[in-house]
Amino acid sequence: MSYTIKINGQRRVVDVDADTPLLWAVRDVLGMPGTKFGCGMGLCGACTVHLDGAAVRSCITPVESADGQSVTTIEAVGSTHVGRAVQKAWLQLDVVQCGYCQSGQIMSATALLSSNPRPTEEDIRTGMAGNICRCGTYVRIQQAVEQAAKSIASSQKGA
């Protein structure tokens, strides 16, 4: 069956079974490898994408639930002000170690800061809790989210 998804701003049609995970439509059908396969059970967050702005685990999201909706992947998250601030903070603080989980981490951080631009430490811990990093870069991830929030706040003051 065919499903139309607005992915990274472009309408794309994917012809897959209804229960095909969105992850496989993104990676295998549409050729966007930035979204990673981790646990396959929605537990690690490596596969996080935005579905109409909300962070979802694409490995457990059937493609039929994305039909007619907007999906943003790591390939396009930098096209938003918040996504750019998050990516910049990630680079400035050298967050990445092995890097495998980082696309999911950045997608979750961007969703968090889009809905809550002034998060507390607890908000950040809670918002990022579903993303696992086997390298243990949690301190730098926390710092990067805080730095991105400060950057976004200062840019809004200047606007």
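Predicted model: local features only at pLDDT ≥ 70, side-chain atom pairs only at ≥ 80, totals over all residues.

Reader: What does the secondary structure of the chain come to?

Author: There are five helices and five strands. Going from the N terminus, the order of elements is β-β-α-β-β-β-α-α-α-α. The radius of gyration is 15 Å, close to the 15 Å from the globule rule for 159 residues, so the chain is as compact as a globular protein of that length.

Reader: And what box do the C-alpha atoms fill?

Author: Roughly 45 × 35 × 25 Å, along the principal axes.

Reader: How much of the chain counts as buried?

Author: 43% of the 159 residues. As for contacts between residues at least 6 apart in sequence, 58% of them join residues at least 24 apart.

Reader: Switching to the surface: what does the accessible area come to, and how many charged side chains are there?

Author: The accessible surface is about 7,900 Å², with 52% of that belonging to carbon and sulfur atoms. The chain carries 14 positive and 13 negative side chains, and the centres of those two sets are 11 Å apart.

Reader: OK, now Thr137. Where is its place?

Author: Thr137 sits in the loop between helix 4 (121-128) and helix 5 (138-158).

Reader: Buried or exposed, that Thr137?

Author: Buried: the relative accessible area of Thr137 is 3%, and the cut-off for buried is under 20%.

Reader: Which residues is Thr137 in contact with, leaving aside neighbours within four places in sequence?

Author: Val95, Gln97 and Gln102 are the ones in contact with Thr137.

Key
Residues numbered from 1 in each chain as written. Heavy atoms only, no water. Helix = DSSP H or I, 4+ residues; strand = E, 2+ residues; numbered from the N terminus. Buried < 20%, exposed > 50% of the residue type's maximum accessible area, 1.4 Å probe, protein only. Contact = heavy atoms within 4.5 Å. Rg over C-alpha atoms; globule rule 2.2 N^0.38 Å. Areas by Shrake-Rupley, 256 points an atom, 1.4 Å probe, with all protein chains shown as cover. Lys, Arg positive; Asp, Glu negative; His and termini not counted. Charge placed at Lys NZ, Arg CZ, Asp CG, Glu CD.
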